[in-house]
Amino acid sequence: MSKPASYWRLRPFVYRLEGSRCVKCGHFHPLVRKVCRRCGSKNLERDRLPATGILRHFTVVSQAQQGMEKNTPFIVAWVEMDDGSKVVAQMTDCEPEDLKPAMKVETVVRKIKVDGESRLIFYGIKFRPSA
Amino acid sequence: MPRISDAAILGYGCYVPRYRIKGYEMAKLWGKSTSELPVKEKAVAGFDEDTVTMSIEAARHAINRAGVDPSKISAVHVGTESKPYAVKPSGTIVAEVLGLSRKTTSADFEFACKAGTEAVQMVTALVEAGRIEYGLAIGADTAQGRPGDALEFTAASGAAAFVIGKNSRDCIAKFEYATSYVSDTPDFWRRSYERYPMHGSRFTGEPAYFHHTISAVSTIMGENGFSVNDIDYFVFHQPNVKFPLAVAKVLSIPLEKVKPAIVADQIGNTYAACSMIGLVKVLDRAEPGQRILFTSYGSGAGSDSFLLVTCEGLERRRNLAPTFDEMVSRRKEIDYSTYLKFREKIRV
Ligand SMILES: [Zn+2]
């Protein structure tokens, strides 16, 4: 996602967790989709994921991809949102030793990375332990 | 007559990042005296935070207190001297993340530490003129001090935001009056392409901070025929803890009317956010029907001064978002090397 155009298209999901929810089976898809990936229904409507969830798994990354080298070490978390959807994103405002499985987390928008060449800043959702 | 007849704070919020560096830690490193530090410690933004992300957090709290549908907010003005981009507005990112109206007027304001109250001037005027229903006025900074400079002890990170709309019984505080006082005073500046600001050292006190703050306060009190007895709380800009207390002494203001707004001892000088966070802390404590005199100071130089009266909605809305004390209680102390990494002071 290092080109301005692709980042720009992702804004509804990476800024506000907006996407499409299947009216028939309830499955949530990031961004706009016309057909449900789970049940094939074409009846989808715009929805937003809840801002809170439960931490299921996490890992500490010390070898980062390009553009994120200065952020190491960082924590990547697999979170089950309050509606059951799964979201993978970085954790912030915490240390690995603060984290326990099943703890409550909330979303926050932070700097994800800075593009090396263009210096464009990519903002997006991260998780932090709930207050 | 800069009377404000129909604009009020409907929601307020502040954001203080969780990291703190102690004044002692910096004084020790640079071989400076640790006995008379200007503030105990200062708040430092994490490596993934900037003026935009802190503005978003403060604005979210303000919107929660206001209970306003974000899509009805149609002005976002961010006052800051630490814009992440030299060219590209911060306000549009804030608006997009919060889901505000696309039919929004937005600009970043610059006036050193007074940039945030410039946003308040603008949004109150837009509301009064009937151009918008609701607007957001934000002050935010990740203030930078050159390593080893006197400013490094105080230059801190934080944000405050106000949702402003028309007066109602259920609002938080009504604006009564506003005034500004400026002059061309070279007490603190930063040229384009320079990373750190320059300052006039001792010149920052008497002809700069004190002259403008006291002139603005005297003007607004004089034009309204008010004495110190008519005001319940005084909020000042806080480049350190000493300056606002010295203003109180000059104007014979009892300390108990000034201290509730003091935040610099706990978080440092958050520049454009500083006096606005002071007002947040007062709103966390005030009762309905109290009068607040709220005065910023920005180098270059000038002060904006506002009179506000708190309203019925304050007590109910206060609990709808974290208070200043709750924000400050999330606290993790860092050492100098972590501070350098977070604030990108290491250049290779
Ligand atoms: Zn489906």
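Guide: In this predicted model, the C-alpha centres of domain 1 and domain 2 of chain A are 20 Å apart. Domain 1 of chain A spans residues 1-48, and domain 2 of chain A spans residues 50-131. Where they touch, 11 residues come from domain 1 of chain A and 15 residues from domain 2 of chain A. About 1,000 Å² is buried between domain 1 and domain 2 of chain A, with carbon and sulfur atoms giving 66% of that area.

The polar side of this contact can be stated briefly. Between domain 1 and domain 2 of chain A there is one salt bridge. Arg21(A) and Asp83(A) form a salt bridge through their side chains, with an N to O distance of 2.5 Å. Residue pairs in polar contact between domain 1 and domain 2 of chain A, both members at pLDDT 80 or more, number three. On the side of domain 1 of chain A that touches domain 2 of chain A, H1(A) makes the largest contribution, with five residues. By class, that side of domain 1 of chain A holds eight nonpolar residues, one polar residue and two charged residues.

Within chain A, one hairpin deserves attention. Strand S5 of chain A (residues 74-81) and strand S6 of chain A (residues 86-91) are paired antiparallel over six bridges. Along this pairing, Ile75(A) has Met91(A) in S6(A) as its bridge partner. Four residues separate S5(A) from S6(A) in the hairpin, and Gly84(A), in the turn, has a positive phi of about 95 degrees.

From here the account passes to the contact of chain A with chain B. This contact draws 22 residues from chain A and 23 residues from chain B. The area buried between chain A and chain B is about 1,900 Å², and carbon and sulfur atoms account for 46% of it. On the side of chain A, the residues that lose the most area to chain B are Asp93(A), Lys111(A) and Tyr123(A), which together make up 27% of what that side buries.

The interface of chain A and chain B has 10 salt bridges. One that can be named joins Glu57(B) to Arg110(A), with 3.1 Å between the closest N and O atoms. Polar contacts across the interface of chain A and chain B comprise 15 residue pairs, both members at pLDDT 80 or more. On the side of chain A that touches chain B, two or more residues come from each of helix H1 (4-16), strand S7 (104-114) and strand S8 (121-129) of chain A. The residues on that side of chain A are eight nonpolar, three polar and 11 charged.

Chain B has its own division into domains. Domain 1 of chain B consists of 8-171 + 321-342, and domain 2 of chain B of 173-315. The C-alpha centres of these two domains of chain B lie 16 Å apart. Their contact takes in 60 residues from domain 1 of chain B and 53 residues from domain 2 of chain B. Between them about 4,300 Å² is buried, 64% of it from carbon and sulfur atoms. Tyr12(B), Cys113(B) and Phe324(B) supply 16% of the area that domain 1 of chain B buries against domain 2 of chain B, more than any other three residues.

Three salt bridges are counted between domain 1 and domain 2 of chain B. Glu36(B) and Lys242(B) form a salt bridge in which the closest N and O atoms are 3.6 Å apart. There are also 16 residue pairs in polar contact between the two domains of chain B, both members at pLDDT 80 or more. The elements giving two or more residues to the side of domain 1 of chain B include strand S1 (8-15), helix H4 (115-128) and helix H10 (324-329) of chain B. H4(B) gives the most to that side, with seven residues. That side of domain 1 of chain B is made up of 29 nonpolar, 16 polar and 15 charged residues.

Notes:
Residues are numbered from 1 along each chain as its sequence is written. Chains are lettered from A and ligands numbered from 1 in the order in which they are written. This is a predicted model: local features need pLDDT of at least 70, side-chain atom pairs count only at pLDDT 80 or more; totals for chains, interfaces and linings use all residues. Side-chain values use heavy atoms; hydrogens and water are left out. Contact means heavy atoms within 4.5 Å. Buried area is the accessible area (1.4 Å probe) that two parts lose on being put together, summed over both. A salt bridge is a side-chain nitrogen of Lys or Arg within 4 Å of a carboxyl oxygen of Asp or Glu. A polar contact is a pair of N or O atoms within 3.5 Å; within protein, one must be able to donate a hydrogen and the other to accept it, and residues adjacent in sequence count only if both atoms are side-chain atoms. Ala, Val, Leu, Ile, Met, Phe, Trp, Tyr, Cys and Pro count as nonpolar, Asp, Glu, Lys and Arg as charged, and the others, Gly among them, as polar. Domain bounds come from an automatic or database domain assignment. Two strands pair if DSSP finds at least two bridges between them.
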